[in-house]
Amino acid sequence: MYFDPVEGLDRQSLEEIQSERLRDIVRQAACSPFYSRVFQEQGVDPLDVRGLSDLALLPLTSKEDLRASYPDKMLCRPISEMVRLHASSGTTGAATVVFHTAKDLRTWADLVARCFYMVGVRPHDVFQNMSGYGLFTGGLGIHYGAERLGCLTIPAGAGNSKRQIKLLQDFQVTTIHIIPSYALHLATVFEGLGLDPRDLFLKTALIGAEPHTEEVRRRIEGIYGLKAYNSYGLSEMNGPGVAFECPEQHGMHLWEDAFLPEIVDPATLQPMAEGQVGELVLTTLTREGMPILRYRTRDLTRFLPGPCPCGRVHRRIDRILGRSDDMIIIKGVNIFPMQVERVLMGIPEVGQNYLIILERKGFLDQIKVKVEVKSEFFVEDMRVLKGLQDRITGLLRDELLITPKVELVEAKSLPQSEGKAQRVMDLRGEGHG
Ligand code: ADP
Ligand code: ZN
């Protein structure tokens with residue numbers, strides 16, 4: 001049973017829809033000052049794009065292009081037809097803005113509702129949105145999807161943990177949307193209050209907006225006694241509602257009727273072989289106000305091979321490994337913060353937060369990992385702590401192939417953000433940021 005019949009289409013019918021929509025969206029995009037200029041410069045005739053096989057004729061669009069078109073040069077209709085704008089969180093530099101018409105907002109809400117429905121959320125469920133509202137798309141984007149489905153929707157917003165907990169209790173909330181690092185932090189607040197989150201009514205969590213590992217998902221599921229589903233999106237492609245896990249919890253179905261995905265080699269921009277990790281590139285297939293063609297997300301993932309047992313043909317992408325610009329190069333070794341997380345979150349004594357610090361000692365770069373230890377394990381006995389420290393160092397060395405400096409700290413002592421977690425602090429100075 002699907003929220004939208006398009007979920008159950010066979011591959012060929014889906015591709016016919018994609019071809020038709022691609023054809024239309026390219027003609028539409030040509031009306032924006034940005035694409036009309038780029039098409040002209042690169043000699044692209046929108047009429048040459050007749051279907052999926054012509055995709056390579058189109059230029060790629062980068063984050064820099066979006067910044068250069070700030071504020072409205074990618075609009076292909078008058079700004080008076082727009083009813084909302086959102087901006088990226090600005091995690092990696094100046095924010096970019098995306099506009100929506102009323103129809104765009106309806107389409108977006110439908111996509112998000114589809115995600116909720118896929119994992120069993122129904123109109124009788126009570127939903128609390130713990131992500132920041134405002135320009136961030138995890139607020140209103142998720143909110144209107146939940147309302148579209150018909151859930152009682154509590155716009156709790158970010159932070160204010162004690163009030164979050166009271167709302168969860170008072171309204172018997174069954175479903176939450178929460179950033180994974182905040183879910184781990186909130187667990188420590190429950191603990192401080194002497195409350196067990198498993199005593200609540202929670203069944204389902206939608207977690208996303210930042211990279212996180214399978215280990216973190218399992219932790220969240222264990223702490224709260226629910227099922228947690230990975231939710232992927234980015235403001236350039238509306239926000240949430242781009243790709244979402246089905247009940248199989250094995251990869252996220254990317255809604256291919258709305259977004260045309262490619263995975264390319266970030267260096268050569270050529271398509272990666274099936275199943276290989278590369279940069280995800282997405283084209284909006286339905287957005288009328290501000291279409292974006294072949295957008296380089298900088299997010300690294302791969303298509304999962306084979307059909308999904310749930311029956312949906314929309315291809316699945318793997319958990320996001322990180323952004324291409326997240327990669328740390330230290331002593332010539334490439335490291336992704338998620339590798340550190342995978343190791344740490346698999347160790348029972350490790351608490352809910354950690355921080356990676358990059359330093360320079362003389363000419364040598366060093367990686368230090370500050371690790372919170374659960375309060376019951378943060379004991380006076382130095383030998384016990386030293387043993388734990390050595391064990392963590394060894395496990396990290398096996399994963400990273402270099403030896404980090406591990407520092408154990410007390411629970412709740414590391415900086416905690418209400419939004420996306422800042423996992424890496426680079427203190428190496430100019431030119432190595
Ligand atoms: P910003 O790029 O400033 O963070 P957005 O709020 O639009 O702005 O965030 C989108 C980005 O967040 C994605 O490109 C991706 O890097 C990250 N992201 C979103 N959802 C997930 C997820 N489920 N797993 C990993 N990363 C995610
Ligand atoms: Zn599935």
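**Figure 1. Surface of the predicted protein model.** The protein exposes about 18500 Å², of which carbon and sulfur atoms supply 53% (Shrake-Rupley method, 1.4 Å probe; for residues, only the protein chains shown count as cover). Of its 433 residues, 54% count as buried (under 20% relative accessible area, 1.4 Å probe, protein chains only). This is a predicted model, in which local features need pLDDT of at least 70, side-chain atom pairs count only at pLDDT 80 or more, and totals for chains, interfaces and linings use all residues. Residues are numbered from 1 along each chain as its sequence is written.

**Figure 2. Charged side chains of the protein.** There are 51 positive and 57 negative side chains, and the centres of the two sets lie 2 Å apart. Lys and Arg count as positive, Asp and Glu as negative, while His and the chain ends are not counted; each charge is placed at NZ of Lys, CZ of Arg, CG of Asp or CD of Glu.

**Figure 3. Pairing of strand 3 with strand 5.** Strand 3 (residues 126-129) runs parallel to strand 5 (residues 175-178), and the two pair over 3 bridges. Asn-129 stands opposite His-177 in strand 5.

Definitions and conventions
Chains are lettered from A and ligands numbered from 1 in the order in which they are written. Side-chain values use heavy atoms; hydrogens and water are left out. Buried means under 20% relative accessible area, exposed over 50%, partly exposed in between (1.4 Å probe, protein chains only). Two strands pair if DSSP finds at least two bridges between them. Helices (H or I, at least four residues) and strands (E, at least two) are DSSP runs, numbered from the N terminus.
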